[in-house]
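Here is a report on selected features of one chain. Please read it beside the sequence and the model.

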Amino acid sequence: MSRHAGDGAVGAARHLGPLRGKPVWLKAVTAFLALVLVGGLAFAGFWYLRLQNNISKAPLNAGGSNAESVSDATGRMQILILGSDTRDGKNAEYGTADDSRGYGKSDVMMLMDISEDNKRVSVISFPRDLLVDIPECRDEETDRVYPARSGIMINEAMAEAGIGCAVDTVNQLTGLEVDHFMMADFNAVKELSNAVGGVEVCISDAVYDPDSRLRLPAGTSAVQGEMALAFLRTRHAFADGGDLGRIKAQQGFLSSLTRKIKDEGTLSDPGKMLKIADVVTQNLTVDEGLASVPTLLTIGNRLKDIDISKVAFVAVPTMPAVADANRLQIAEPAGSQLFAALRQDVDLTDPTAPATPAPTETAAPPSAAPTETAPPLPPYDKALQPVTVANGSGVPGRAQEIVQALVSGGFTQAAQYEATVVEQSVVYYGPGFADVAADVAALLGIPAGQMVPAPAVSGVQVYLGTDFATGTAYEAAPALPENIVNQTAGDASCQQANPALIVQG
């Protein structure tokens with residue numbers, strides 16, 4: 001029987017009369033919702049096609065392809081950001097095509113390094129006057145091969161063989177593997193600064209540079225359009241008029257832009273994002289792996305929650321070149337220390353911080369330091385010790401290399417398995433295996449500070465991280481030069497004007 005079969009009131013309410021059709025109001029609402037839905041889909045489709053058609057693309061490498069793939073959402077990602085000095089099209093007012101032969105030179109070169117956990121970003125600037133070795137590069141369009149060259153300004157790397165040659169040059173210089181590139185031209189700077197309503201910059205004195213047409217009063221100004229471009233392009237207005245002063249000004253501009261975008265919630269506002277995406281993609285060239293709207297949105301989403309104090313701006317350490325005092329060369333050992341730190345994914349804002357916490361499934365809090373000297377442990381037979389290698393490096397087959405090294409060192413019972421990817425390598429050891437762990441760590445060159453007691457571990461476990469992805473000897477995190485970070489995105493900086501261009505009165 002129905003629950004309401006005997007309820008007359010309910011029955012009457014349910015049978016006021018047959019419905020020969022939907023009420024007028026329901027038809028109207030249905031039609032309105034259908035119109036909104038269709039309109040929304042049309043709007044979304046319009047913008048998707050518009051943005052997708054805006055994007056230009058080029059090969060990532062000159063004559064080859066990047067063999068490694070990275071997750072757009074979570075993997076550690078390195079993007080080479082280039083500013084082209086080409087004078088074609090909209091950029092013709094800044095000179096003739098003869099001023100930028102071939103593909104044009106890289107007026108700006110920065111490497112953006114996004115950490116795997118999306119908690120920090122490092123932006124490394126390369127001076128365009130830096131002398132480097134350029135590898136052999138092949139132009140993908142003409143199939144012409146350009147031989148390797150030494151002692152060439154880094155901004156010339158892409159002029160002949162294209163953007164991929166600039167990527168290959170940075171890979172060779174740093175020992176890293178760039179995942180993507182983004183190249184913008186002069187017009188992109190103007191349009192982006194207009195889209196965000198201007199960017200605040202600061203300069204110590206009033207200055208005028210006739211070459212770039214930069215004219216600013218002392219103190220803080222909001223620049224956009226032509227003046228924003230002039231601020232980023234000027235070669236003479238800041239410090240001693242060299243490239244390093246120009247880099248600091250560019251970093252100050254980007255820091256201010258980052259703060260403005262974060263403070264105004266731009267990355268979480270679809271309307272603002274569409275406006276910026278439209279003007280940027282019209283003036284952007286990217287590699288094939290980045291040439292889709294969903295991928296660009298995914299990367300933008302990774303950046304929106306990063307603490308601006310963890311966005312570090314760094315300049316490659318340099319000194320006047322021996323071959324030409326008007327050019328720069330890498331300053332050693334500072335340059336090698338920086339590149340090694342980048343390869344090991346060190347937090348440049350806090351180099352002493354551990355790369356990642358120990359895995360919870362095997363780690364235990366370190367034991368308290370003993371109050372008295374422990375008696376020496378009896379000798380043991382390496383061939384009988386249970387040692388496992390957990391491959392958390394993210395490199396397939398990596399554990400086998402370490403197992404072979406352990407077997408060669410006498411630990412013939414070594415086993416292996418795949419594990420969750422982590423950043424820092426650790427040697428875990430169970431009760432009674434501290435001495436074995438110390439010998440295993442010493443054999444592989446892993447610092448004693450990365451040995452952790454773990455009661456749940458039977459024997460010794462070598463947990464490989466991304467910091468130990470090659471070789472059989474661990475390279476400890478290097479010391480970094482003092483003050484390697486010029487500023488973070490959380491710092492407001494004021495540029496020192498070049499005395500030669502200060503405007504009096």
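The sections below cover a sheet, its helices, a set of helix pairs and some backbone details.

## Basis

The model is predicted. Residue numbers start from 1 along each chain as its sequence is written.

## The five-stranded sheet

The sheet is open and has 5 strands. Their order is S19-S18-S22-S20-S21, and the pairing is mixed. Strands of a sheet pair through backbone hydrogen bonds, either parallel or antiparallel. From one strand to the next, the twist averages 25 degrees.

Which strands stand at the edges? They are S19 (415-418) and S21 (451-453). Each has a single partner strand, so one side of each is left without a neighbour in the sheet.

## Strand S22 and its partners

S22 spans residues 460-464. In the strand order, S22 sits between S18 and S20. S18 and S22 run parallel and are joined by 5 bridges. Two partner pairs can be named here. Val387 has Val460 of S22 as its bridge partner. Asn391 has Leu464 of S22.

S20 covers residues 426-429. Its pairing with S22 is antiparallel, over 4 bridges. Tyr429 stands opposite Val460 in S22.

S21 is an edge strand.

## Helices on the sheet

Helix H11 (residues 398-408) lies across S18, S19 and S22. H11 runs at about 155 degrees to S18.

Helix H12 (residues 434-444) packs on the sheet too. H12 touches S18, S20, S21 and S22. Its direction makes about 35 degrees with that of S22.

## Helix H5 and its two neighbours

H5 covers residues 186-195 and packs with H8 (residues 270-281). The angle is about 170 degrees, and the axes are 9 Å apart. That makes H5 roughly antiparallel to H8, because angles over 145 degrees count as such. H5 contributes Glu191, Leu192 and Ala195 to the contact. H8 contributes Lys275, Ile276, Val279 and Val280. These contact residues divide into 5 nonpolar, no polar and 2 charged.

H5 also packs with H6, at an angle of about 125 degrees and with the axes 8 Å apart. How does H5 lie relative to H6? This angle makes H5 oblique to H6. The crossing is right-handed. On the H5 side, the contact uses Phe186, Val189, Lys190 and Ser193. On the H6 side are Glu226, Ala228, Leu229, Leu232 and Arg233. The residues of this contact divide into 5 nonpolar, 1 polar and 3 charged.

## Backbone details in loops

A cis peptide bond joins Glu332 and Pro333, with omega about 5 degrees. Pro333 is placed in the loop between strand S17 (328-330) and helix H10 (334-343).

Two non-glycine residues with positive phi are described here. Ala239 has phi near 50 degrees. Ala239 is found in the loop between helix H6 (226-233) and helix H7 (243-263). Asp345 has a positive phi of about 60 degrees. Asp345 lies in the loop between H10 and strand S18 (387-391).

Are these residues buried or exposed? Ala239 is partly exposed, with a relative accessible area of 34%. Asp345 is buried, with a relative accessible area of 5%.

Notes. This is a predicted model: local features need pLDDT of at least 70, side-chain atom pairs count only at pLDDT 80 or more; totals for chains, interfaces and linings use all residues. Side-chain values use heavy atoms; hydrogens and water are left out. Buried means under 20% relative accessible area, exposed over 50%, partly exposed in between (1.4 Å probe, protein chains only). Two strands pair if DSSP finds at least two bridges between them. Axes are lines fitted to C-alpha atoms, for helices over the stretch in contact, and angles run from 0 to 180 degrees between N-to-C directions. Angles under 35 degrees count as roughly parallel, over 145 as roughly antiparallel, 65 to 115 as roughly perpendicular and the rest as oblique. Contact means heavy atoms within 4.5 Å. Ala, Val, Leu, Ile, Met, Phe, Trp, Tyr, Cys and Pro count as nonpolar, Asp, Glu, Lys and Arg as charged, and the others, Gly among them, as polar. A crossing is left-handed if the near helix is turned anticlockwise from the far one by less than a right angle, and right-handed if clockwise.
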